[in-house]
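Walk through this fold with the model open beside the text.

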Amino acid sequence: MPPKVMFVCLGNICRSPTAEGVFRGLAAQAGLDVVIDSSGTSGWHNGDLPDKRAMAEAKSRGYDLSMQRSTQLKSQDFYDFYLIVCMDNSNIENSESLRPDGANAQVKLFLDYAPNQPLREVPDPYYEHNFEAVFDLIEDASRGLIASLQST
Ligand code: 4NP
């Protein structure tokens, strides 16, 4: 069975759909068999398309986010996924509060897979409008996560 990876942010319209789309593209290029999903801790945008700015930046880099719709992280995901990869520390805290007793998913900070980056959290482009910089971080961390999964 391929490993299952869930990317998590707050709204599931900017950072985690970007991570899902970028990681899907780069994992396919690397020939890595992995199941990929994304969700948000808030549920505020359930059913929404990714942010237009994220979709435009994705398209310019050869990724397609248009099949994605926002969903909310749920307790069952802690049984179903091997890795829950969070964009920032508040996502980790909010995710862990949903963990059922005995569920084994590992919760990680995405930029732990990009140790050469000065940042430890992926900044929220919804407010900061820095989509290019966020995509650069996400591409770097995706490559690191692919290398990590290939070595296990
Ligand atoms: P995301 O960005 O967590 O990267 O999807 C946000 C999207 C929407 C909101 C906040 C962050 N919001 O407040 O609606």
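Predicted model: local features only at pLDDT ≥ 70, side-chain atom pairs only at ≥ 80, totals over all residues.

A residue is called buried under 20% relative accessible area, exposed over 50%, and partly exposed in between, with a 1.4 Å probe and protein chains only. Residues are numbered from 1 along each chain as its sequence is written, and side-chain values use heavy atoms, with hydrogens and water left out.

Ser-38 sits in strand β2. Helices (H or I, at least four residues) and strands (E, at least two) are DSSP runs, numbered from the N terminus. The side chain of Ser-38 makes a polar contact of 2.7 Å with the side chain of Glu-20. A polar contact is a pair of N or O atoms within 3.5 Å; within protein, one must be able to donate a hydrogen and the other to accept it, and residues adjacent in sequence count only if both atoms are side-chain atoms.

Now follow the strands. β1 covers residues 4–9, and five of its six residues are buried. Strands pair if DSSP finds at least two bridges between them. β1 runs parallel to β2 (residues 35–40), with six bridges joining the two. Cys-9 stands opposite Gly-40 of β2. Right-handed means that, with the strands pointing away from the viewer, the path from the first strand over the helix to the second runs clockwise.

β1 also pairs with β3 (residues 83–86), again in the parallel sense, over four bridges. Here Met-6 has Ile-84 as its bridge partner. β3 in turn is joined to β4 by four bridges, and these strands run parallel. Ile-84 stands opposite Val-107 in β4. Between β3 and β4 the chain passes through helix α4 (residues 89–96), in a right-handed β-α-β crossover.

Which residues of β4 lie on its covered face? In this strand (residues 106–109), they are Val-107 and Leu-109, while Gln-106 and Lys-108 form the uncovered face. In a regular strand the side chains alternate between the two faces of the sheet.

Next comes the ligand. Residues count as near it if one of their heavy atoms lies within 4 Å. Those around the ligand include Cys-9, Asn-12, Trp-44, His-45 and Tyr-127. The shell divides into seven nonpolar, three polar and two charged residues. Here Ala, Val, Leu, Ile, Met, Phe, Trp, Tyr, Cys and Pro count as nonpolar, Asp, Glu, Lys and Arg as charged, and the others, Gly among them, as polar.

Look at the ligand's oxygen atoms. A polar side-chain atom of Arg-15 lies 2.8 Å from one oxygen atom of the ligand. A polar backbone atom of Ile-13 is 3.0 Å from a ligand oxygen atom. For Asp-124, a polar side-chain atom lies 3.0 Å from an oxygen atom of the ligand. The protein covers 93% of the 360 Å² of accessible area that the ligand has on its own. These areas come from the Shrake-Rupley method with a 1.4 Å probe; for residues, only the protein chains shown count as cover.

Finally, check two backbone angles. Asn-12 has a positive phi, near 55 degrees, though not a glycine. Asn-12 lies in the loop between β1 and α1 and counts as buried, at 3% relative accessibility. His-129 also has a positive phi, about 60 degrees, and is not a glycine. His-129 lies in the loop between α5 (125–128) and α6 (131–150). Is His-129 buried or exposed? His-129 is exposed, because its relative accessible area is 55%.
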